[in-house]
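This report goes through the helices, sheets and cores of one protein model. The text follows the structure shown here.

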Amino acid sequence: MDRLTAMRVFIDIAERGSMSATADALDMSRPMVSRYLESLEAWLGVRLLHRTTRRLALTAPGEAALKACRDMVALADDMRAQAGEAGEVQGRLRLTSSPSFAEAQLTAAVVDFQALYPRVEIDLVMLDRTVDLVQDRIDLAIRLTNRIDEGLVSRQLAICRSVLCASPGYLARAGSPQVPADLAAHRCITHSNGLAPSYNLANGGKVTPVAARGTLSANETSILKAAALAGAGIAMLPAYYVGEELARGTLETVLADYALDTIAIQAVYLSRRHQPLPLRLLIDFFADRFGGELAPWDRPPTA
């Protein structure tokens with residue numbers, strides 16, 4: 001049997017966790033899917049999957065074979081695309097990012113990318129935590145971080161600024177702080193990441209650390225923004241996420257003369273070797289869209 005097709009079938013089974021679902025997705029009969037899997041196992045001389053009546057799970061050799069099969073299929077697709085045999089760029093990618101970045105920036109970018117390459121399927125996996133790219137079968141992670149784990153490859157896309165902001169109603173009631181020390185008299189809405197909340201406010205080369213005190217915290221950025229819009233207090237939020245609210249005036253910047261710590265927005269992936277063509281094109285697309293001296297959400301509006 002065609003070994004490349006058998007590898008594609010195996011990859012799909014591993015991703016979907018179901019041979020029936022793979023049969024439907026690939027428009028094959030269930031017995032044909034089984035034959036492709038069995039032929040691949042016979043060729044490799046190992047059992048790739050534990051099969052029970054309820055679920056499928058990769059064996060240890062199956063985990064290793066899955067990565068190798070992905071590399072080989074990606075290389076074959078890349079060769080076909082570069083040789084002009086494929087006609088169109090095609091493939092399937094799994095992406096992950098924080099929910100707030102996906103909502104504000106990433107989803108629209110993905111839609112625009114698919115308008116250029118309509119045969120590229122993209123599965124967006126939105127989690128407000130760091131995922132294991134191998135275990136979660138992620139092709140590309142968009143992460144807000146200044147540190148990349150050993151063994152991963154990254155490309156910086158943009159710099160994320162944060163702003164302190166609050167609703168006009170809250171500032172009318174509580175007053176607007178003029179210097180960092182004034183924050184002690186205000187309610188701060190903080191991210192519950194397990195660390196003592198604080199802000200590093202920089203002005204004129206001097207950095208002033210300030211403890212953030214309040215009675216409301218949340219582990220999701222969208223909740224912090226909703227609370228700020230509702231008048232609960234002052235929140236530190238990424239500029240990419242509150243640009244529209246600041247432009248409309250539903251949120252107002254606090255201590256605008258002071259800069260907060262910045263963080264890199266990075267495309268993170270497993271390897272530069274045998275990288276699928278759709279993945280390379282997507283990373284380049286994101287770099288063009290979000291890159292430059294200023295990120296698009298930080299640029300002044302044009303007339």
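Helix α1 covers residues 3–16, and at 1.5 Å a residue its 14 residues should span 20 Å; the end C-alpha atoms are 20 Å apart, so the length agrees. The model is a predicted one. At the start of α1, a side-chain oxygen of Asp2 comes to within 3.0 Å of the backbone nitrogen of Leu4. The buried residues of α1 are Thr5, Ala6, Met7, Val9, Phe10, Ile11, Asp12, Ile13 and Ala14. Gly17 follows the helix and has a positive phi, near 70°.

The same check can be made for α9. Its 14 residues should span 20 Å at 1.5 Å a residue, and its end C-alpha atoms are 20 Å apart, which agrees. Buried in α9 are Leu277, Pro278, Leu279, Leu282, Ile283, Phe285, Phe286, Ala287 and Phe290. After α9 comes Gly292, with a positive phi near 115°.

## The sheet with β3 and β5

Five strands make an open sheet in the order β4-β3-β5-β14-β6, and the pairing is mixed. The edge positions belong to β4 and β6; each has a single partner strand, so one side of each is without a neighbour in the sheet. On average, neighbouring strands are turned by 20° against each other, direction ignored.

Inside the sheet, β3 and β5 pair in the parallel sense over three bridges. Thr96 stands opposite Ala141 in β5. Two helices pack on this sheet. Helix α5 touches β3, β4, β5 and β14, and its direction makes about 180° with that of β4. Helix α9 touches β3, β4, β5, β6 and β14, and its direction makes about 20° with that of β6.

## Nonpolar cores

Which residues have the most contacts inside the largest nonpolar core? They are Leu140, Ile142, Phe286 and Trp297, in a core of 33 residues. At least two residues of this core come from each of β3 (91–97), α5 (99–116), β4 (120–126), β5 (140–144), β6 (153–160), α8 (239–248), β14 (263–269) and α9 (277–290). The largest share, eight residues, is supplied by α9.

Phe286, which is buried in α9, touches Leu95, Leu106, Ala109, Val110, Leu140, Ile142, Leu157 and Gly291, not counting residues up to four places away in sequence. Apart from this core lies another, of 21 residues, among them Met7, Val33, Leu40 and Leu66. Met7 is also one of the buried residues of α1.

## The sheet with β7

A further open sheet has five strands in the order β11-β8-β12-β7-β13, with mixed pairing. Here β11 (216–218) and β13 (252–254) are at the edges, each with a single partner strand, so one side of each has no neighbour in the sheet. The twist from one strand to the next averages 40°. Helix α8 packs on the sheet and touches β7, β12 and β13; its direction makes about 115° with that of β12.

| Strands | Sense | Bridges | Bridge partners |
|---|---|---|---|
| β8 (residues 188–191) and β12 (residues 234–238) | parallel | two | Cys188 and Ile234 |
| β7 and β12 | antiparallel | four | Val163 and Leu237 |
| β7 and β13 | antiparallel | three | Leu164 and Val254 |

In a regular strand, side chains alternate between the two faces of the sheet. In β7, Ser162, Leu164 and Ala166 point one way, Val163 and Cys165 point the other way, and all are buried. The strand is thus mostly covered, with five of its five residues buried.

## Ser167

Ser167 lies in the loop between β7 (162–166) and α6 (168–174). Is Ser167 buried or exposed? Its relative accessibility is 5%, and buried means under 20%, so Ser167 counts as buried. A polar atom of the Ser167 side chain lies 3.1 Å from the backbone nitrogen of Tyr170. Not counting residues up to four places away in sequence, Ser167 touches Ala228, Leu229, Gly231, Thr250 and Leu251.

Key:
Residues are numbered from 1 along each chain as its sequence is written. This is a predicted model: local features need pLDDT of at least 70, side-chain atom pairs count only at pLDDT 80 or more; totals for chains, interfaces and linings use all residues. Side-chain values use heavy atoms; hydrogens and water are left out. A nonpolar core is a set of buried Ala, Val, Leu, Ile, Met, Phe, Trp, Tyr and Cys residues joined through side-chain atoms within 4.5 Å. Buried means under 20% relative accessible area, exposed over 50%, partly exposed in between (1.4 Å probe, protein chains only). Contact means heavy atoms within 4.5 Å. Two strands pair if DSSP finds at least two bridges between them. Axes are lines fitted to C-alpha atoms, for helices over the stretch in contact, and angles run from 0 to 180 degrees between N-to-C directions. The expected span of a helix is 1.5 Å times one less than its number of residues. A polar contact is a pair of N or O atoms within 3.5 Å; within protein, one must be able to donate a hydrogen and the other to accept it, and residues adjacent in sequence count only if both atoms are side-chain atoms.
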